Amino acid sequence: RWHVPRVDGVIEADVAIAGAGLGGLALSAALRRRGFRVVVLERAAAARYTSQGTIALWPNGLAALEAAGGARLPAAVSKRGVAV
């Protein structure tokens, strides 16, 4: 168990994730769907726009996303990609 101090009290969590990037947030969402109490720790004070609108996932990344409860992407997107 994790006990994370805050100004307004203490957060109790089963899992602490370091980093609120794409991977940390995806892991957090997947664990919460499975009933874990999760806290995501981020050192940056605010979110930054760094990907310039592009997210690339290899086939194993797409499979992991689907296994974690993400939306199933159309075959055309998962095989060759598309501009959105």
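Which side chains meet in a salt bridge at 4.0 Å, N to O? Here are my notes, and keep in mind that this is a predicted model.

1. The pair in question is Glu 12 and Arg 37, whose side chains form a salt bridge with an N to O distance of 4.0 Å. Glu 12 sits in strand 2 (residues 9-13), while Arg 37 belongs to the loop between helix 1 (22-33) and strand 4 (38-41), so this contact ties together parts that are 25 residues apart in sequence. If you want to look at it on screen, start from the Arg 37 side chain.

2. Arg 37 also has a salt bridge with Asp 14, and there the closest N and O atoms are 3.5 Å apart. Asp 14 lies in the loop between strand 2 and strand 3 (15-18) and Arg 37 in the loop between helix 1 and strand 4, so here the parts being tied together are 23 residues apart in sequence. Through shared partners, Glu 12, Asp 14 and Arg 37 end up in one salt-bridge network. The total count is two salt bridges.

3. How exposed are these three? Glu 12 is partly exposed, at a relative accessible area of 43%. Arg 37 is partly exposed too, with 36%, and Asp 14 comes out as partly exposed at 26%.

4. Now for helix 1. With 12 residues, helix 1 reaches 17 Å from its first C-alpha to its last, close to the 16 Å expected at 1.5 Å a residue.

5. Which residues of helix 1 are buried? They are Gly 24, Ser 28, Ala 30 and Leu 31. Looking down the axis of helix 1, the buried residues fall within an arc of 170°, so they line one face of the helix. As background, an α-helix has 3.6 residues a turn, so residues three or four places apart point the same way.

6. What does that buried side pack against? The buried residues of helix 1 pack against strand 3 and strand 4. On the face turned away from the buried side, helix 1 carries the exposed residues Leu 22 and Arg 33.

7. One backbone detail to finish: just after helix 1, Gly 35 takes a positive phi of about 95°.

How values were computed:
Residues numbered from 1 in each chain as written. Predicted model: local features only at pLDDT ≥ 70, side-chain atom pairs only at ≥ 80, totals over all residues. Heavy atoms only, no water. Helix = DSSP H or I, 4+ residues; strand = E, 2+ residues; numbered from the N terminus. Buried < 20%, exposed > 50% of the residue type's maximum accessible area, 1.4 Å probe, protein only. Expected span 1.5 Å × (residues − 1). Arc of directions from axis to C-beta. Contact = heavy atoms within 4.5 Å.
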